[in-house]
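Subject: Structure handover

Hello,

Here is the structure we talked about. Please open it alongside these notes.

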Amino acid sequence: TKYPGLGPNPTTMGTIDQGACTSDPECRPGSDNKGPYCYPARCSDHTNNCDCAADKKCYWDPSVTPPAPKCKDVQTSSCPDLDVAFVLDGSGSMNARFGSHPNGYYGMLEMLRDWMRTLPLTGEDNTVGVNSKVTGGTFRLAFVQFSIENEYWVCRNGADGCDGRKYRKQCPMPRLSGGRTCSNGQLTGDLSELENDLDWHETNHMSSLTYMAAALEDAVDIFHGSPSHRAHVLVIITDGQMNPLEPQKSTEIPPIRRKLDAEGVVTFGVVVRKGRQHTQADIEAEETLKPITSDDHDDH
């Protein structure tokens, strides 16, 4: 395989060959509360000019101010800077087997965790907001979970983990354990905050219906913290139709879509399938997302 240390599931303890990971120059070992993992080497892993220059895919930018990495990827540095918010399906049906994975909800979080570990993140924490200055094809991310009507769930820091806004009726929310810091429901380019966010969502799964409007409203608020020089992208990941079943007839969705458009948000919808075949249920789920996604709907 391209990355011999990765194994079948990089987020699960005991599935990687640490020796192979350490000896491969294209891999880097890591560890979290689940145990060791291996990820493709990033330019941001190089902390000095010599190591950065020795890596052909990287270059050193002395003008960068920490915590942003000075070592940048040649291919991505000319790309747009992206702020990406993920609206994640926490409905009960996501507990089913999806393909070879025994649980679709946890599989979705594992996929996002593996992907974000490869990104050129800004290194900025959740407090930076619109004052983000890091450029060069960098990413900041945010995660919002939907399921229960009139609620959205995000990881919060603070005394009770709850901000009291109307779109989260379950208050107080559970806090992140161990004194760790998460994104506080905002965009962040800090990998540790993002890791803690996904840990929190693993522990706090709504596991109910498929009501999305509250989470979309929160996504609008999230992009209020994104400066104009960063592209705004919203990705909705779901396995089925929303409640109500016909969002194009809902009074909630069109105003939210207009707010997202006003923030310059490009919205994509992803329907995850339970099997190899593209079923009628998948097609119907895609149709229910189209009123929310950006034009041309078939391309988003």
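A word on exposure first: buried means under 20% relative accessible area, exposed means over 50%, and partly exposed is in between (1.4 Å probe, protein chains only). This is a predicted model, so local features need pLDDT of at least 70 and side-chain atom pairs count only at pLDDT 80 or more, while totals for chains, interfaces and linings use all residues. Residues are numbered from 1 along each chain as its sequence is written, and side-chain values use heavy atoms, with hydrogens and water left out.

Salt bridges

A salt bridge here is a side-chain nitrogen of Lys or Arg within 4 Å of a carboxyl oxygen of Asp or Glu. The structure has 14 of them. One joins D61 to K72, with the closest N and O atoms 3.5 Å apart. D61 sits in the loop between β3 (58–60) and β4 (71–73), and K72 sits in strand β4, so the pair ties together parts 11 residues apart in sequence. Helices (H or I, at least four residues) and strands (E, at least two) are DSSP runs, numbered from the N terminus. D61 is buried, at 16% relative accessible area. K72 is buried too, at 11%.

E195 pairs with R113, and here the closest N and O atoms are 2.7 Å apart. E195 belongs to helix α4 (residues 191–203) and R113 to helix α3 (residues 104–116), so this bridge ties together parts 82 residues apart in sequence. Both E195 and R113 are buried. They also belong to a network of salt bridges that links R113, R117, R180, E195, D199 and E202.

K290 bridges to E287, with 3.0 Å between the closest N and O atoms. K290 is partly exposed, with a relative accessible area of 22%. E287 is partly exposed as well, at 43%.

Helix α5 and the cores

Helix α5 (residues 213–223) is mostly covered, with 10 of its 11 residues buried. Among the buried ones are A213, L216, E217, D218 and F223. The cover over them includes β5 (82–89), β6 (139–146), β7 (231–238), α6 (253–262) and β8 (265–271).

A nonpolar core is a set of buried Ala, Val, Leu, Ile, Met, Phe, Trp, Tyr and Cys residues joined through side-chain atoms within 4.5 Å. The largest has 28 residues, and V87, M212, L216, L234, I236 and I292 touch the most other members. At least two residues of this core come from each of β5, β6, α5, β7, α6, β8 and α7 (280–289). Helix α5 gives the largest share, eight residues. Its L216 touches V87, L234, I236, I253, I256 and I292, leaving out residues up to four places away in sequence. Contact means heavy atoms within 4.5 Å. Another core, of 20 residues, lies apart from this one, and V84, F139, L198 and I237 are among its members.

Largest pocket

A pocket is an open set of points on a 1 Å grid over the protein atoms alone, where a 1.4 Å probe fits, with protein on both sides within 12 Å along at least five of seven lines; lining residues have an atom within 4 Å of a point. The largest pocket is lined by 21 residues, and A41, R42, C43, D73 and T118 lie nearest its centre. Strand β4 supplies the largest share of the lining, three residues.

Best wishes
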